[in-house]
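Subject: Structure for you to look at

Hello,

The sequence and structure are below. Please look through them first, then read the notes that follow.

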Amino acid sequence: MEYRVVDAFTDRPFAGNPAAVLVLDGPYDEAWAQRVAAEFNLSETAFTRPLADGTRELRWFTPEVEIDLCGHATLATAHALAELGVEGPYRFSSRSGPLTVTAEDGRLWLDFPARPAERTDAPEGLAEHLGVEPLWVGRGGTDDLLVEVADEAAVRALAPNLYALRDIPARGIIVTAPGAEYDMVSRFFAPGSGVPEDPVTGSAHTVLAPFWGERLGRTELTAHQASERGGDLLLRWRGDRVHIGGYAVSVATGDLKV
């Protein structure tokens with residue numbers, strides 16, 4: 001059984017966010033899929049198989065849990081299918097509903113549901129565990145906290161207490177500020193889901209696009225996730241949908257023996 005490791009949201013190897021992708025012919029055992037994801041130990045491993053209606057099932061597993069939505073592993077899956085000779089557009093059935101990926105001007109574009117954040121009180125310990133004082137806190141996406149801080153320097157300098165962040169009630173924590181070179185910068189921490197810091201998080205931008213789109217009065221946005229690996233995204237906010245554009249690069253293929 002062949003697998004691919006794909007760096008998503010980058011045009012060069014060893015940057016962006018790596019995902020393992022398995023393109024399967026039929027059903028598989030969920031417990032097996034979770035063990036495979038733990039073995040790869042990447043932030044997400046994607047599994048896709050054809051369905052009778054002509055779409056493909058797409059599921060994403062962290063090393064610890066299955067999740068509802070993952071942008072970079074969806075991008076990686078579309079890239080892997082293209083390399084295998086499958087023609088797009090790529091239509092997936094997922095736990096977050098129907099998702100489509102199309103190719104345009106060399107980029108792959110994800111069509112995802114917009115999931116804007118609604119303002120909420122900061123959970124106890126959030127500022128202390130992040131090591132920065134929030135300007136604004138909301139909850140959106142697949143139960144993500146959105147935390148606005150003062151500036152790009154504060155985002156880049158974050159050194160949170162990841163162990164303590166596991167106790168914050170959220171799938172993950174998006175920290176963001178306006179950017180100098182980009183419209184926005186962000187980082188994403190999800191230690192409670194088995195991902196201490198995710199290098200580039202497509203699903204987080206379903207929250208970030210409407211937030212910064214409203215702030216800036218724009219529907220076309222540039223974004224940078226300022227992790228150690230880093231990654232760039234183009235965003236088109238279309239009301240209840242967000243189109244997320246990026247590149248992807250395969251860095252490894254191999255045979256899974258089990």
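**A248 and its surroundings**

Leaving aside neighbours within four places in sequence, A248 is in contact (heavy atoms within 4.5 Å) with V6, D7, A8, T10, L75 and H79. The residue belongs to strand β18, residues 248–255. Helices (H or I, at least four residues) and strands (E, at least two) are DSSP runs, numbered from the N terminus. A248 is buried, with a relative accessible area of 17%. Buried means under 20% relative accessible area, exposed over 50% and partly exposed in between, with a 1.4 Å probe and protein chains only. R218 is 30 residues from A248 along the chain, and their C-alpha atoms are separated by 26 Å.

Two notes on the source. This is a predicted model, in which local features need pLDDT of at least 70 and side-chain atom pairs count only at pLDDT 80 or more, while totals for chains, interfaces and linings use all residues. Residues are numbered from 1 along each chain as its sequence is written, and side-chain values use heavy atoms, with hydrogens and water left out.

**The whole protein**

There are 6 helices and 18 strands in the protein. Its radius of gyration, taken over C-alpha atoms, is 17 Å, close to the 18 Å that the globule rule (2.2 Å times the number of residues to the power 0.38) gives for 258 residues, so the protein is as compact as a globular protein of that length. The C-alpha trace spans about 50 × 35 × 30 Å along its principal axes. Of the 258 residues, 59% are buried.

**Helix α1**

Helix α1 covers residues 30–40, and its buried residues are W32, A33, Q34, V36, A37 and F40. These pack against β1 (2–8), β2 (17–23), β3 (44–50), β4 (56–61) and β5 (66–67). At the start of α1, a side-chain oxygen of D29 comes to within 3.1 Å of the backbone nitrogen of A31.

**Backbone angles to check**

Most residues other than glycine have a negative phi, and most peptide bonds are trans. N41, which follows α1, has a positive phi near 60°. This residue is in the loop between α1 and β3 and is exposed, with a relative accessible area of 54%. F9 also has a positive phi, near 65°. F9 lies in the loop between β1 and β2 and counts as buried at 2% relative accessibility. The peptide bond from G88 to P89 is cis, with omega near 0°. P89 is in the loop between α2 (71–83) and β6 (90–94).

Regards

Key
Polar contact = N/O pair within 3.5 Å; in protein donor to acceptor, adjacent residues only side chain to side chain.
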